[in-house]
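This report describes selected aromatic pairs and a nonpolar surface patch. The structure is shown below.

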Amino acid sequence: MKKEGTYHFETKAIHAGYTSKEHSDSLTPPIYQSSTFTFTSLEQGANRFAGVEDGYIYSRLSNPTVTVLEERMAQLEEGEAALAFGSGMAAVSAVLIGLTKANDHILCSRGVYGCTFGLLRMLQEKYQIDHTFSELATTEEIISKIQENTTCIYIETPINPTMKLIDLELVVRIAKEKGIMVVVDNTFSTPYLQKPLTLGCDISIHSATKYIGGHGDVIAGIIVGNHEIIKQLKKTTQKDIGGVISPFDAWLLLRGIKTLAVRMDRHCENAKKLANLLGNHPRIKAVYYPGDQNHPDYQIMKRQMKNGGGLLSFEVNGTYEDAVKVVNQLKLIPIAVSLGDAETLIQHPASMTHAVIPEEVRKDMGISNELLRLSVGLEAWEDIWDDLKQALDSL
Ligand SMILES: *Cc1c(COP(=O)(O)O)cnc(C)c1O
């Protein structure tokens with residue numbers, strides 16, 4: 001690709017980080033299914049190990065197919081470099097372990113992915129790395145929650161499953177003054193809808209399992225940041241802990257990324273239509289969708305996101321049993337966790353993704369027993385709606 005960085009997002013999603021001339025003229029990046037790489041001389045091997053000569057050594061350290069993925073993602077997020085992992089949690093754990101040491105403190109947005117919650121607990125129990133949750137909504141509140149030993153602010157926005165947003169520029173302004181790193185789990189938005197690094201955040205993380213792959217066929221993770229951070233994390237938490245991605249999975253992600261922009265547009269369009277229709281159904285108590293003008297964080301969405309995303313939640317006007325009935329009545333929409341696939345997926349956070357969180361804490365986070373989360377897929381919105389409507393009408 002010529003003049004990297006000057007192309008639009010859609011073009012970079014297809015071309016960035018890859019030159020066919022360097023790969024036997026292959027139009028698509030080859031899958032380098034090789035664990036190790038050969039040296040022409042002992043001196044060359046030594047130079048590669050010493051880092052004085054570029055080149056591949058061993059696929060836990062780097063692999064040519066994975067390199068294409070990392071370069072493409074770095075460009076899409078407008079960061080300097082990226083690092084791919086074998087899962088979103090391998091990426092999250094690499095970052096949290098890489099940025100902290102014993103007796104440090106992490107300030108987190110209230111409501112993080114269930115396994116991130118589990119990881120934070122483990123870090124606390126085993127390594128005395130403390131954490132607190134915060135709304136991160138006002139300057140006063142953020143300042144009051146920052147401790148002397150806070151080294152990192154960890155944010156999910158939109159927050160699953162309530163779809164609340166966090167004003168990233170507000171957090172960054174305070175964090176910069178105090179020299180604290182800001183990390184954003186950008187899984188829900190993808191770089192197409194939100195670019196945390198351009199707002200001053202230090203690291204953007206993705207569960208690439210979701211929209212980046214986009215087809216429900218791969219588990220993977222990616223982090224993007226500046227050269228220095230990525231180099232440090234590569235050395236500490238990738239090389240020595242080793243949660244690397246396979247070349248084939250990297251190739252699947254490269255294939256998925258080509259259509260990221262068109263897919264996200266359709267996800268958003270469908271979600272907006274469904275949020276509106278659900279909001280007008282008599283058996284629905286509330287709909288939470290950041291792209292909805294009545295959403296409390298709509299103004300933040302307008303500032304930091306391109307569109308409202310493909311996820312929404314809604315509360316059934318009734319009991320827990322009614323919510324169960326609606327889900328079990330669906331004919332087209334599969335019941336499954338995960339998100340960002342071509343298929344619309346529905347799940348029940350209280351009994352599934354957020355079941356590990358104690359009920360009182362859950363309620364406090366806005367997750368009632370009647371709340372359902374929909375990952376709106378790429379089907380015709382009329383068919384998704386028909387399915388939801390017949391299930392709701394059955395109550
Ligand atoms: C799925 C998910 C993760 C974990 O990713 P895996 O690929 O399943 O390991 C982390 N954060 C968010 C927001 C997610 O949705």
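## Surface patch

Met352 lies in the loop that runs between β10 (345–347) and α14 (359–364); helices (H or I, at least four residues) and strands (E, at least two) are DSSP runs, numbered from the N terminus. With a relative accessibility of 36%, Met352 counts as partly exposed, where buried means under 20% relative accessible area, exposed over 50% and partly exposed in between (1.4 Å probe, protein chains only).

Together with Ile335 and Val337, Met352 makes a nonpolar surface patch of about 240 Å². Patches consist of residues with over 30% relative accessible area and no salt bridge, nonpolar side chains (Val, Leu, Ile, Met, Phe, Trp, Tyr) being joined within 5 Å. A salt bridge is a side-chain nitrogen of Lys or Arg within 4 Å of a carboxyl oxygen of Asp or Glu.

## Basis of the model

The model is predicted: local features need pLDDT of at least 70 and side-chain atom pairs pLDDT 80 or more, while totals for chains, interfaces and linings use all residues. Residues are numbered from 1 along each chain as its sequence is written, and side-chain values use heavy atoms, without hydrogens and water.

## Aromatic pairs

The whole structure contains 5 aromatic pairs (ring centres within 6.5 Å; planes under 30 degrees apart are stacked, over 60 edge-to-face, the rest tilted). Phe117 and Phe133 are stacked because their ring centres are 5.8 Å apart and their planes lie at 25 degrees. This pair links distant parts of the chain, 16 residues apart: Phe117 belongs to helix α5 (residues 114–127) and Phe133 to strand β3 (residues 130–134). Both Phe117 and Phe133 are buried.

Phe248 and Trp251 form another stacked pair, with 5.9 Å between centres and 20 degrees between planes. These two residues are 3 residues apart in helix α10 (residues 247–257), so about one helical turn separates them. Phe248 is partly exposed, at 39% relative accessibility.

Methods: Rings of Phe, Tyr and Trp (its six-membered ring) pair if their centres lie within 6.5 Å; planes under 30 degrees apart count as stacked, over 60 as edge-to-face and the rest as tilted. Patches are made of residues with over 30% relative accessible area and no salt bridge: like charges are joined within 9 Å, nonpolar side chains (Val, Leu, Ile, Met, Phe, Trp, Tyr) within 5 Å. Accessible areas come from the Shrake-Rupley method with a 1.4 Å probe; for residues, only the protein chains shown count as cover.
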